[in-house]
Structure formats: C-alpha cells, structure tokens
Amino acid sequence: MASDGARRRGAGVRLWLDKMNETWVPPDATDLTGPMRFLYWLTRSQARRIALGAALGTCWTVGLTVPPWVLSRAVDDGLVAGDNAALVEWALVLLAVSVLNALLGIARHRTMTKIRMDASFRAVRATVWHTSRLGASLARRVSAGEVVTVGIADVYTVAMALTVTGPGVGAVIAYAVVAVVLFTISPLLAGVVLAGVPLLAIAVGPFLQRIERTGGDYRVHQGRLTIRLVDVLAGLRVLNGLGGKRFVADRYERQSQGLVRQGYRVAGPSSWVGALSAGLPALFLAVVVWLSARMAATGAITIGDVVAVYGYVAVLVVPVSFFIEGGGDIARARVAGQRIVDLLNLPVARGNDVSVSGPLADLESGVIVRPGVLTALVAARPAEAIAVIDRLGQVSTRATVGIDEPAREEFRRRLVVADNDAEVFAGTVRDVVAGRLEPDDKRIRAALRVAVAEDVVEALPGGLDARIAAGGSDLSGGQRQRIRLARAVYSTPDVLLAVEPTSAVDANTEAAMIDRIRETRRDTTTVITTTSPLVLDRADEVIVLVDGKVSAAGTHAELLRSDSFYRDLVSRAQGEAT
C-alpha cells in the first residue's frame, strides 16, 4: 500500500511538472524582431517543461561523472588493497548508479521530445494564424511553396534547436563539475580541461558562421524551386497540351542540380562540424590520458586516479559533443527562424486602414461602398482595385460609430473575399462548394446556378458526388472560377468582395453570371473588380480609381457621358475582349 501511494504521489508530481497551459497566445511584435527573439518566445511558452528538461539534462550529464569515481574507489579500495568485500560493495554501487542514469536518460529524452514537438506545433500554429489573418492577399505576397517550406522544414529546424535547453544546460554544468573534480586530483589536468573549450570554439566557430551564411542562400533557392515545382504540377495538363513538358522538365532539372551544388556548399561545413564533434573530444581524451599516465608513473597520482581521469574525460565527450551540435543547431535555426519571422511580419491591415460604419469605407483610396447595392471597382491597373479589396477584407478593429467588438467580429465572419487565387481543395463537388459549412444539396445547386456552373457538374460523372482534384487541376480556368464563385455564394455573406469573378468565361456566361448575382444578392452588399462593360452596365454604382484613389463614381451610363478616362478605359477593354 505504501509503495502504491508513493507511485501515485510520484506520478502526480511528474504530471504537475509536465502540465502546460493550453491557452495559446500568439507572438507579439517584440517576439518577431529576430530569430533569437522568436526562439525565446518558444522557450518562454513552455518554461516549466524546459526547466524540467534542463534539470533532467543536468542530473543525467552530472550523473555520468559518478561511475568513474565509483570505479576508481573499486580499484583503490578493492583491487589494489585486495579487499573483496569492498570490491563487491563498490560494484553494487556502480550498478545502482548505472540504473539510475539510465532512468534519468529516458526521462530526459522523453521531456526533450515533448519540448521539440511543442515548439514545432506552436510555430506551425503561429504560421497558420498569421496566414489566415492575411486572407486572400497571401497568395500575392508570398508563394504557396514558401509557406509549405516554412511550415515544414523551417519549423522542424527551429524546434530542433531547443535541444540546447536540456542537454546543453546539463553539458555546461557537467563540464564545470568535472573540472572541479579534476582540480582535486591535479591542477594541471584541470587546466588542460578548462583550456579545451576555447580551443574547440576556435576550431568550430568559423564552420558555424559559414553554415549560417551559406544556409540562408540555400534556403532561398530551395523555396524558389519548391514554387516552381508547385506551378509545374498545377499546370501539367496545359504543358502536355502545348508540348512543353520536356522543356520545363529540363529547366527544372538544371535548377535542381544547382540546388544540389549549393547544398554541397552547406554540407561541407556541416560535415566538418560533425567530424570535429567526434574527433576533437577523442584527441582531447588522448592528451589528458597521456598526461595522467605520466603523472601516475612518477607517483603523483594513484592508479585509481588514472582510471577516474580516463572516465571523467571520456564522459566529457558527451557535453563537448553537445556544445558543438548545439552550436550547429542554433546556426541553422537562425537561418530558418529568420524565414519564419519574415512570414509572420507580413503586415495585416490595421485599424486606421478600413472603417465600418454603415457604408464600408477604405480611407486610403477614398472608396465608400454603399450597403445593399452592387458596386463595381474599375482601374487601369487591376492591382489598384485588388488592393482596395484586400483592405476592405480586413475589417477595422475600431468602428467609427456604435459597433462593439463582438458585433465587429461577427461582421468579419459574414464578409467573404472571392479571389481567383483562392485554393480549391481536393474533394467532391459537394464538399468543395460547401467549404467549412454543412452541405445542403438544395442550397449547393442554387449556388451552382448563380455561378452558372450547372454544366460543370453535369459534365462530371457522379454529379455532386464527383471528385475534383487538388487545385482544380482537372477543371478548365473558367470552370474553376465558377466553382470558386459558387463556394462564395453558398456562404451567403452579408458582404461579398469578388476579384474579377467573370474574367475567364465567355460573354454569354458572363452576362448570365452577373444577372444571377444581382438577382440572388438583392439588398446585400457586393463589390466586384472588373473592366468588363457587361458587368459595369449592370452595376448599381461604378467607382473609378486612378493611381489608387477615387477619381469618379456613378452609373455606367453617367460615367460614359461625363468621364473621358472611364470612356477610354472601357473602350480599350471592349476592344481587347473582341
């Protein structure tokens, strides 16, 4: 009964030490000033677990120094003195210490694994959190390949660097303990041990700096090549049709070989760090053992002391290796952490960019969208109109009148940005159109009708149960555009912000789409960027942008009569369409 109670108390203490607050708090601006600050945020977020890992790492590494001392006592008190009882006694102590060290090693490894996993999940969550805040503007600011590389390779590299918080701390303390113990045996030997760390830093330091320098270039090249691969896979059907698959494959092969050569430049110093982490401690061990053997030959120390010195210095191989490997991990984490920080520092529209008070207003451009009408944004440079959509899609955190925080958050959930770069995930037509909402076949068919996408579904085997490939790669550009629009319509947003929703369809389909959008979204707010005369003619209000600012506003007919810039712009667009 007593042993069961002790086990329960021990389990309770372990759970308390390992328990973490599950409330997730994103990094603030100071945590994103650099890669080391980001690493500090990951460390601070699980301070109790890291303290446990440091304690276990210290106990384990210091515990490794105990067996050499026990072994020296067994030699001097047992073998040299011819005392069998003492020999057996010290042998049993050695067994007990070895078992305890094994248990400490298991606990340390378990805790450090949890620390790395926690850091990895927190970094991934921060990345997902921020990319969701960026919304539809993400695809125009950073590539999908870059996000994937950050979320997998860079996050893993940063998480691995937290290993230094456990064995790294223990290595420092164990090194100091061994130096003190050796000083009691021989100040000369202790001096050699203490001088070893600066020499190791001098030998390894330049390689760590080169890893950091070349690793950054390699990481940029790797991200670009990932982008190219994603683009190639997305457009494989088109490349096959154009006969350009061989050309693209050859170019990708040349670029990938360039990445391999760049990887060799990174691997060179990395391999030297690995070799030095194994070779320098062995050389260090040989020097110290040679010195101790000469001292034993002169009678300065005992045979047991020689055995102990050998054991102590052999144990130092572990902390010295941790020093070198930890330095390499931190050098690589600085490169990877900078990529994560760069992504998390992409700016999101702030409270002074957009305000919500009845009409939806973009203060930077002067665009004011009246509620309950179909508004068209037109600009000679489409990027100007898209920038307005991006800002309007990030609703202000400060309303000009009478909207409290809960109402504002609810309004943000009821606003949808329909972008032609929005991802089409693999799944059935039903799941793709429903998105995050519960599927309702009647509403799905109604949304498909608004987007004039009934023929898309009819052409697929299985109707709503037909599967669409990832990215909609098995659909044409116009089909993908209509499926995206159907998904936006299905969510029945109070405010729909659509970027060129009819740009990839023919004139008849375009006219049907805009008429059905007008009919379905009567008395709700819809904003469309376009230069199509068909869409502009059906809009309740057209807002003209020049150099990103509002130049004129009115109906299509009014602007054709009064605004020469608008008249020329529409004429050019109509000429290009024909």
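**Close-up views of a predicted model**

**View 1. Ser491 in the loop between α18 and β8.** Ser491 is found in the loop that runs between α18 and β8 (495-499); the model shown here and in the other views is predicted. With a relative accessible area of 24%, Ser491 is partly exposed. Leaving aside neighbours within four places in sequence, Ser491 is in contact with Val416 and Leu437. Ser491 and Val416 are 75 residues apart along the chain, and their C-alpha atoms are separated by 8.1 Å.

**View 2. Packing of helices α16 and α18.** Helix α16 covers residues 441-450 and helix α18 covers residues 477-490; their axes are 8 Å apart and the packing angle is about 130 degrees. The two helices are therefore oblique to each other, and α16 passes α18 in a right-handed crossing. On the α16 side the contact is made by Arg443, Ile444, Ala447, Leu448 and Val450, which meet Ile483, Ala486, Val489 and Tyr490 of α18. Within this set, Arg443 lies over the face of Tyr490, at 4.2 Å from the ring centre.

**View 3. Packing of helices α3 and α5.** The axes of helix α3 (residues 47-63) and α5 come within 9 Å and cross at roughly 150 degrees. An angle over 145 degrees counts as roughly antiparallel, and α3 and α5 are therefore assigned to that class. Their crossing is left-handed. Residues of α3 in the contact include Arg49, Leu52, Leu56, Cys59 and Trp60, while those of α5 include Val97, Leu104, Arg108, Met112 and Ile115. Glycines also take part, among them Gly53 and Gly57 in α3 and Gly105 in α5. The charged end of Arg108 sits over the ring of Trp60, 4.4 Å from the ring centre.

**View 4. Aromatic pair Phe38 and Trp41.** Two aromatic pairs are present in the structure. In the pair shown here, the ring centres of Phe38 and Trp41 are 5.5 Å apart and the planes stand at 35 degrees, so the pair is tilted. Both residues belong to helix α2 (residues 35-44), where Phe38 and Trp41 are three residues apart, about one turn of the helix. Phe38 is buried, with a relative accessible area of 0%. Trp41, at 2% relative accessibility, also counts as buried.

**View 5. Aromatic pair Trp69 and Trp90.** The rings of Trp69 and Trp90 have their centres 5.5 Å apart and their planes at 85 degrees, so this pair is edge-to-face. The pair links distant parts of the chain, with Trp69 in helix α4 (residues 66-80) and Trp90 in helix α5 (residues 84-134), 21 residues apart. Trp69 counts as partly exposed at 40% relative accessibility, whereas Trp90 is buried at 18%. The cut-off for buried is under 20%.

View 6. Val388 lies in helix α13 (residues 382-393) and counts as buried, at 0% relative accessibility. Not counting residues up to four places away in sequence, Val388 touches Asp362, Ser365, Val367, Leu377 and Leu545. The C-alpha atoms of Val388 and Gly366 are 9.5 Å apart in space, and the two residues are 22 residues apart in sequence.

Technical notes. Residues are numbered from 1 along each chain as its sequence is written. This is a predicted model: local features need pLDDT of at least 70, side-chain atom pairs count only at pLDDT 80 or more; totals for chains, interfaces and linings use all residues. Side-chain values use heavy atoms; hydrogens and water are left out. Rings of Phe, Tyr and Trp (its six-membered ring) pair if their centres lie within 6.5 Å; planes under 30 degrees apart count as stacked, over 60 as edge-to-face and the rest as tilted. Helices (H or I, at least four residues) and strands (E, at least two) are DSSP runs, numbered from the N terminus. Buried means under 20% relative accessible area, exposed over 50%, partly exposed in between (1.4 Å probe, protein chains only). A charge sits over a ring if NZ of Lys or CZ of Arg is within 6 Å of the ring centre and within 35 degrees of the ring normal. Contact means heavy atoms within 4.5 Å. Axes are lines fitted to C-alpha atoms, for helices over the stretch in contact, and angles run from 0 to 180 degrees between N-to-C directions. Angles under 35 degrees count as roughly parallel, over 145 as roughly antiparallel, 65 to 115 as roughly perpendicular and the rest as oblique. A crossing is left-handed if the near helix is turned anticlockwise from the far one by less than a right angle, and right-handed if clockwise.
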